[in-house]
Amino acid sequence: MGAMRTDADPTPPGAWTLVIPLKPLTRAKSRLAGAARAALRPSLALAFAQDTVAAALACPAVRDVVVVTDDALASRELAALGARTVRDEPAGGLNAALAHGAHTARALHPGTPVAALNADLPALRPAELLRVLHSASAIPRSFLADAAGIGTTLLAAADGTPLAPAFGGPSRARHLATGAHELALTDVPGARQDVDTWEDLAAALELGVGPRTADATGLFGPGPWRDLRRSAASPE
Ligand SMILES: Nc1nc2c(ncn2[C@@H]2O[C@H](COP(=O)(O)OP(=O)(O)OP(=O)(O)O)[C@@H](O)[C@H]2O)c(=O)[nH]1
Ligand SMILES: C=C(OP(=O)(O)O)C(=O)O
């Protein structure tokens with residue numbers, strides 16, 4: 001199962017606590033609305049989160065996953081996978097939720113390095129996440145840009161360093177401007193492929209998604225990515 005370790009590996013087994021934010025499913029993934037299968041949007045948002053959380057929990061560098069959400073169904077389903085769930089406090093939006101999650105993580109596990117991870121990474125693989133966290137271990141505060149090169153999929157902070165999340169829209173530039181180091185990893189496509197649009201979902205399907213997203217997109221019928229590209233081209 002786990003990847004090979006060496007004495008030089010700066011990522012001790014189970015070192016990291018990940019914080020994963022998730023909006024209420026009925027409001028999540030609004031950019032997937034307006035296309036033929038928009039009614040499936042909450043199920044897709046849940047499937048992405050389930051595959052993201054499952055991959056995170058299967059990563060040998062991860063000791064715990066804290067999901068910050070007010071969605072009751074998502075809380076139940078993600079707890080069933082082994083994540084902890086906390087309420088979305090102080091109800092101040094994404095970055096406030098992440099700061100709350102990071103505080104919870106550090107209270108639970110003093111000394112843990114913490115990383116915020118988006119909930120919409122259905123093609124994430126545990127071995128990729130291990131490479132990302134391994135690189136992040138050597139740096140006080142670092143981030144991974146999304147596949148589009150505009151946003152951020154992961155922001156990591158060592159013990160003693162504030163996470164200071166600045167997610168939302170063009171967060172790559174914001175994280176750079178606040179002094180975080182950009183992780184220059186080219187071989188972790190699943191960790192960078194967030195899904196905001198039907199085109200993003202097509203790209204994730206081509207990389208290979210986890211089982212819940214595969215099931216949920218199976219509802220689209222055969223050749224899902226070709227169908228999705230058609231939906232993206234002609235929204236309802
Ligand atoms: N707990 C919590 N999570 C949030 C909040 N806003 C966004 N998120 C989550 O943060 C990540 C990125 O969020 P967004 O891109 O703003 O929202 P999204 O649902 O992914 O997509 P859009 O609705 O299309 O913007 C996703 O995992 C969201 O579920 C919030 O206020 N609270
Ligand atoms: C919130 C973010 O992601 P997106 O808007 O791409 O979902 C971000 O990249 O900061």
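## Exercises on a predicted fold

Lys29 sits in the loop between E1 and H1. Helices (H or I, at least four residues) and strands (E, at least two) are DSSP runs, numbered from the N terminus. This is a predicted model, in which local features need pLDDT of at least 70 and side-chain atom pairs count only at pLDDT 80 or more, while totals for chains, interfaces and linings use all residues. Residues are numbered from 1 along each chain as its sequence is written, and chains are lettered from A and ligands numbered from 1 in the order in which they are written.

**Exercise 1.** Describe how H1 and H8 pack.

*Solution.* First, find the two helices: H1 covers residues 41-57 and H8 covers residues 211-218. Their axes (lines fitted to C-alpha atoms, for helices over the stretch in contact) are compared by angles that run from 0 to 180 degrees between N-to-C directions. Here the angle is about 160° and the axes are 7 Å apart. Angles under 35 degrees count as roughly parallel, over 145 as roughly antiparallel, 65 to 115 as roughly perpendicular and the rest as oblique. H1 is therefore roughly antiparallel to H8. Next, list the partners: H1 brings Ser43, Leu44, Ala47, Phe48, Gln50 and Asp51, and H8 brings Arg212, Thr213, Asp215 and Ala216. Contact means that the C-beta atoms of two residues, placed from the backbone, lie within 7 Å.

**Exercise 2.** Which residues touch the most other members of the largest nonpolar core?

*Solution.* Begin with the term: a nonpolar core is a set of buried Ala, Val, Leu, Ile, Met, Phe, Trp, Tyr and Cys residues joined through C-beta atoms within 7 Å. The largest one has 66 residues, and Val19, Ala115 and Leu154 touch the most other members. H1 supplies the largest share, ten residues. Then zoom in on Val19, whose contacts include Val66, Val68, Leu98 and Val114.

**Exercise 3.** What surrounds ligand 1, and what surrounds ligand 2?

*Solution.* Count a residue as near a molecule if its C-beta atom, placed from the backbone, lies within 6 Å of it. Ligand 1 has 17 residues around it, the closest being Pro21, Ser30, Arg31, Ala97 and Ala119. Strand E1 (16-22), strand E2 (62-69) and helix H3 (94-108) each give two or more residues to this shell. Around ligand 2 you will find Asn118, Asp146, Gly151, Thr152, Phe167, Gly168, Gly169, Ser171, Asp194 and Asp196.

Definitions and conventions
Buried ≥ 20, exposed ≤ 12 C-beta atoms within 10 Å, placed from the backbone. Lists of a residue's contacts leave out its neighbours within four places in sequence.
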